[in-house]
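Subject: Structure for you to look through

Dear colleague,

I am handing over a structure that I would like you to open and read alongside this email. Please keep the sequence and the 3D view side by side as you go through the notes that follow.

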Amino acid sequence: MRVVHTTGYVYDAPVTRSFNEARLTPRADSRQNVILNRVETVPSTRSYRYTDYWGTAVTAFDLHAPHTELEVTGSSVVETEPFAGPADELSWAELHNDVVSDRFDELLAPTGYVPRDRRLASVARQLARGVEPAKAVVRAAEWVYSEMDYIAGTTSVQTSAVQAFAERQGVCQDYAHLTLVLLRSMGIPSRYVSGYLHPQPAVEIGRTVAGQSHAWIEAWTGGWWGYDPTNNIAIGEQHASIGVGRDYADVPPLKGIFSGSGSTDLEVVVEITRLA
């Protein structure tokens, strides 16, 4: 599929300098093959790329001339495949040994978006009872799907999993964070995945449709594998992943700082085209 992700900023006063990071490059792994990727800006900038701590490709750029608008476009062509399923399904005893706990300590610890919560920890224990870890992952995602209502605008990028659960409303970011609370309460290493979801997987080849950024989770039960709690489905060809981390804070599509006064208007457009 081809994905074009455009973000436009309009400032009501000139910005004299800005420093930015874009995470708009699909991951190249056993499930994905990146055929083409470029990140372009208007005004044009000189950028450089690096791979961050979590393995996500980052395009960094800065502007040192006054500007009132900034447009950042990530264009990619990526081949995707479904996850084969849970790899090397471990038992709870194998998953909870000291070697695994030490190796994945950062993906078991609470974060600002994925805090500890006594009530959710109790739910996690109930969901894990009587099944192996891989099945508990699916149970957790199914539970989140059944408990939450997908309503855009009810939460923001600052909302934690516990705050979203209190309202029983949210978007994909909240579904992913809430699932991570449950999985980490079970002692299952788990991470947040940012990417894109083709909203019409059966659409004809070559037709461009309006898409959006998406989020889901990956769990480690002997190997990494993914599940989409927002739609209660396994990760398939319609999912294209960009980055992974402990939570949203590790993988925002764009972040930066600027020098200047005034407010900012933001517009985001994602277009997805099935190519095969």
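Which residues form a negative surface patch? The patch is made up of D98, D102, D105 and E106, and please keep in mind, here and throughout, that the model is predicted. Of these residues, D105 is found in the loop between α2 (98–103) and α3 (118–128), and D105 counts as partly exposed because its relative accessible area is 47%, a value that falls between the limits of 20% and 50%.

Turning to the charged side chains, the count of salt bridges comes to eight. R23 takes part in a salt bridge with E21, at 3.1 Å from N to O, and R23 also forms one with D52, where the closest N and O atoms are 3.3 Å apart. Because R23 lies in the loop between β2 and β3 (32–42) while D52 lies in the loop between β4 (47–51) and β5, this pair ties together parts that are 29 residues apart in sequence. R23 is buried, with a relative accessible area of 7%, and D52 is buried as well, with a relative accessible area of 12%; both values are under the 20% that marks a buried residue.

A further salt bridge is found between E147 and R168, whose closest N and O atoms are 3.7 Å apart. This pair links distant parts of the chain, since E147 belongs to helix α4 (residues 133–147) and R168 to the loop between α5 (161–167) and β8 (169–170), 21 residues apart.

Finally, please look for R27, D29, R191 and E218, which are linked in a network of salt bridges.

With kind regards

Terms used: Residues are numbered from 1 along each chain as its sequence is written. This is a predicted model: local features need pLDDT of at least 70, side-chain atom pairs count only at pLDDT 80 or more; totals for chains, interfaces and linings use all residues. Side-chain values use heavy atoms; hydrogens and water are left out. Patches are made of residues with over 30% relative accessible area and no salt bridge: like charges are joined within 9 Å, nonpolar side chains (Val, Leu, Ile, Met, Phe, Trp, Tyr) within 5 Å. Accessible areas come from the Shrake-Rupley method with a 1.4 Å probe; for residues, only the protein chains shown count as cover. A salt bridge is a side-chain nitrogen of Lys or Arg within 4 Å of a carboxyl oxygen of Asp or Glu. Lys and Arg count as positive and Asp and Glu as negative; His and the chain ends are not counted. The place of a charge is taken as NZ of Lys, CZ of Arg, CG of Asp or CD of Glu. Helices (H or I, at least four residues) and strands (E, at least two) are DSSP runs, numbered from the N terminus. Buried means under 20% relative accessible area, exposed over 50%, partly exposed in between (1.4 Å probe, protein chains only).
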